[in-house]
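These are my notebook entries on a single structure, written down in the order in which I looked things up.

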Amino acid sequence: MVTAPPLTVSDVPKIEPLYGDVWTPNAAVSWSPDGRFVAVGGGFTAGVTILDALSGRSVRSWSVPGDIYVLRWSPDGHRLAVGNELGVVQSPGWVYIYTPDGFLEDSWQAHSWFVGGLAWSPNGTEIVTTSNARYAIWDVATHARLWLDTNASSWGDSVDWSPDGRLVAFGSNAGPAIYDVFSHQLLSRPPSVAWDERGVVWSHSGSRIASSNLAGCTNVVSREGVILWSYNETKLGPFACSSNWASYPAWNPTDEMLAVPTPVGILIFDGGNGVLLRTLAFPVDRYAPSTITGNYGQGTSRDLAAAWSPGGQAIASVGTMSHPSFRVWGLPHGSVASWVAAFEIAAVAGIPLALGDDFLTLLVRPREFLTSEAKRSRLLRIGALLLLFAFIVAVFQQTALEFLGRAFGGFVIPPPSWFAVMAMLSGALAVIPVAVSVRVFRAAAWKTPRESGATPRIAAKVQGLALLPVVWCLALGCLVWSITLAFGIEDSPALGASLIALFGGVGVLLATRVVSAASGVTFYRSVLALLAVAGVTIGLSFAEFLAVVVLLSIVHFVPTGDLATYGIRIQFGFGIAPWIASVVALAVIGVGAFLTQSLPAFWAPLYSRLRARGILDLQSRRQVLDYLGTHPGVHFRELLRSLPLGSGNLYYHLQVLEREGLIVARRDGMYRRFFLPPTSESKIPPGTDRT
């Protein structure tokens with residue numbers, strides 16, 4: 001937001017919700033002159049809260065006596081003036097001067113009734129206040145009253161000081177009443193009407209004054225009080241401009257646009273001609289039901305006050321509901337998506353660079369790759385490291401996606417320390433599910449746990465190899481997602497879930513080929529093995545999380561700091577919706593695998609011949625078949641001595657041939673002897689030696 005360009009009229013259609021915060025003070029809002037902080041006060045939550053403008057995080061809070069109606073930063077940003085009502089009904093109105101850290105510098109009673117409006121002089125030495133039909137000017141250093149008008153108008157809740165310091169505009173019933181600060185003469189006052197003027201504000205150039213009232217009217221007048229334009233939605237006259245009241249308006253820094261908060265959202269007007277450019281209705285339906293005023297759907301954001309950032313990059317507002325009570329609008333977080341894209345690029349490019357040519361061969365031709373004894377041994381040696389790598393990358397990736405989802409989902413972004421704690425907690429809770437998943441993978445990916453090469457250590461290494469294409473494809477999908485967001489495409493839960501499910505499904509397909517090549521099982525069984533791993537890790541992760549919740553409730557643990565503010569989020573898996581999409585994709589893959597493994601009877605002969613041709617494309621497998629044709633019943637050691645193949649290579653080919661029914665194995669004491677089956681003649685394609 002700090003580095004974003006100022007919003008212009010042409011940017012209005014592209015403005016989006018940046019984030020919303022819950023249970024903040026919601027009666028008044030003011031942006032600090034340096035643009036770093038936003039002060040909110042009063043309403044459902046008493047006191048003042050200073051929010052970080054970029055993320056929405058609460059920086060500090062303090063209590064203020066009574067009900068707050070208005071607060072304003074001093075021109076230098078070193079003090080904050082607060083106007084309130086010290087009581088329940090028609091009680092005295094006080095002014096409090098605080099430092100940004102919440103230290104009370106001074107306070108005094110300004111009026112016998114509440115302080116409805118307050119404004120600093122441009123030089124920061126004086127303050128003007130309003131209360132009902134009165135306004136007063138005060139010396140801030142001595143809080144001495146310099147002047148008091150007891151009959152400014154019949155009613156008024158707002159006041160603003162002109163940028164040149166010469167005039168003040170008082171919110172009278174029909175529009176702004178303009179006074180000379182030095183002579184205290186009334187220069188202009190519109191005819192009185194029976195509606196409250198809820199807000200009045202000078203333009204930054206000092207040439208115009210905007211005002212709005214409870215009848216929904218918005219007016220802009222010149223410095224002399226001449227009406228330049230008015231907004232009347234219902235065309236029912238000046239006393240009923242809209243079915244919705246309008247509240248404290250705000251000019252953007254260039255005076256090109258005027259933001260007027262209403263119950264249906266923030267009305268954005270062209271400051272020059274009064275054309276309504278857009279209504280910004282905050283998506284309150286994304287948040288929990290408002291615990292005070294009930295839950296409202298889209299289009300009922302109930303905005304009460306608005307403020308532009310000093311640089312014009314964003315609009316802040318408060319609304320009369322607890323969820324969310326504070327909202328910020330602006331252009332999408334392109335820089336946030338760019339940083340996440342950089343992380344994903346590092347993963348997408350780093351894995352192939354680290355593994356070299358082995359990565360592409362493993363991804364595209366895993367069977368050919370794993371038949372090479374040297375390459376197979378080399379990759380299996382680092383397989384356990386790849387499992388650890390996949391686990392760590394998943395945690396980091398989920399942390400990045402959590403950050404991305406909050407930035408583009410309209411939620412407050414917690415501090416880095418919260419993300420670090422959640423990543424460490426997620427990593428700690430994922431250790432047991434990952435360890436159990438290795439056992440499950442071993443049981444599902446091999447025909448029998450006692451099979452040669454089916455030790456837990458080998459299973460962990462093979463699982464690491466199988467997860468490598470999944471991690472890489474998911475990183476590629478997240479990269480596409482972050483790039484689309486960086487280019488301004490509107491985010492939605494369906495977009496992220498669809499991309500992750502699509503690329504994750506491709507990764508699973510590639511992983512099944514690795515599992516089949518390493519363990520010798522069918523494609524169908526490989527899919528089931530990966531589904532079993534996913535189900536176990538998800539189930540155990542949720543079970544652990546629930547166990548932690550129960551334990552914390554038993555010991556009466558009360559979270560503090562960031563944990564109390566932002567809660568606990570376990571970053572394991574890819575969220576409920578994406579996981580459901582991925583499981584559905586895997587189920588479709590499983591059905592397809594079942595159909596390919598259980599073809600109709602009239603397809604079986606053709607399918608068998610085509611598959612046999614593919615199986616026997618390798619000369620080494622034809623050598624095994626030729627040798628068994630002339631030496632039936634030989635055992636593994638004799639085959640190893642007689643054929644120019646390594647032990648791993650030979651073992652793998654025997655697994656494939658036995659799986660496809662081209663050979664059979666019989667146990668003879670401590671040996672497994674191999675034969676050609678009686679029906680194998682029909683499976684051997686022409687050109688193969690049948691001796």
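Entry: I began with the second largest pocket, for which I noted a volume of about 1100 Å³; the model is a predicted one. Asking which residues come closest to the pocket centre, I found Ser-30, Arg-72, Asp-160, Val-201 and His-204, out of 43 lining residues.

**Entry: backbone angles.** I next turned to phi. Most residues other than glycine have a negative phi, which is the background against which I read the next two cases. Trp-23 has a phi near 55°, a positive value in a residue that is not glycine, and I located Trp-23 in the loop between strand 1 (16–21) and strand 2. Its relative accessibility is 38%, so I recorded Trp-23 as partly exposed. Arg-302 likewise is not a glycine and has a positive phi of about 55°; I placed Arg-302 in the loop between strand 25 (276–280) and strand 26. With a relative accessible area of 25%, Arg-302 is also partly exposed.

**Entry: aromatic pairs.** How many aromatic pairs does the structure hold? I counted 14 of them. In one, Tyr-135 and Tyr-179 have ring centres 4.9 Å apart and planes at 70°, and because an angle over 60 degrees counts as edge-to-face, I filed the pair under that heading. Since Tyr-135 belongs to strand 12 (residues 134–139) and Tyr-179 to strand 16 (residues 176–180), this pair ties together parts that are 44 residues apart in sequence. Both partners went down as buried, Tyr-135 at 1% relative accessibility and Tyr-179 with a relative accessible area of 3%.

I then examined Trp-229 and Phe-269, whose ring centres are 5.5 Å apart and whose planes stand at 40°, so the pair is tilted. This pair links distant parts of the chain, with Trp-229 in strand 21 (residues 227–231) and Phe-269 in strand 24 (residues 265–270), 40 residues apart. I noted Trp-229 and Phe-269 as buried as well. I also found a cluster in which ring pairs link Trp-62, Trp-94, Tyr-96 and Tyr-98.

**Entry: the largest nonpolar core.** This core has 50 residues, and I listed Ile-351, Phe-359, Phe-441, Leu-468, Trp-472 and Trp-481 as those touching the most other members. The elements giving two or more residues to this core are helix 1 (334–355), helix 2 (357–364), helix 4 (373–409), helix 5 (416–445), helix 6 (456–486), helix 7 (493–519) and helix 8 (523–554). Which helix gives the most to this core? I found helix 6 in that place, with 16 residues.

**Entry: cysteines.** A disulfide is a covalent bond between the sulfur atoms of two cysteines, and my search for disulfides in this structure returned zero.

Entry: Val-514 lies in helix 7 and is buried, with a relative accessible area of 0%. I noted that the C-alpha atoms of Val-514 and Arg-367 are separated by 7.4 Å, although the two residues are 147 residues apart along the chain.

The C-alpha atoms of Met-424 and Val-395, which are 29 residues apart along the chain, are separated by 8.6 Å.

Last, I looked up Asn-273, which sits in the loop between strand 24 and strand 25 and is partly exposed, with a relative accessible area of 46%. Between the C-alpha atoms of Asn-273 and Val-220 I noted a separation of 9.4 Å, the residues being 53 residues apart along the chain.

Note on methods: Residues numbered from 1 in each chain as written. Predicted model: local features only at pLDDT ≥ 70, side-chain atom pairs only at ≥ 80, totals over all residues. Heavy atoms only, no water. Phe/Tyr/Trp six-rings, centres within 6.5 Å; stacked < 30°, edge-to-face > 60°. Helix = DSSP H or I, 4+ residues; strand = E, 2+ residues; numbered from the N terminus. Buried < 20%, exposed > 50% of the residue type's maximum accessible area, 1.4 Å probe, protein only. 1 Å grid on protein atoms, 1.4 Å probe; cavity = no way out; pocket = protein on both sides within 12 Å on 5 of 7 lines; lining within 4 Å. Points joined across faces, edges and corners; volume = space filled by probe spheres on them. Disulfide = S-S within 2.5 Å. Core = buried A, V, L, I, M, F, W, Y, C linked by side-chain atoms within 4.5 Å.
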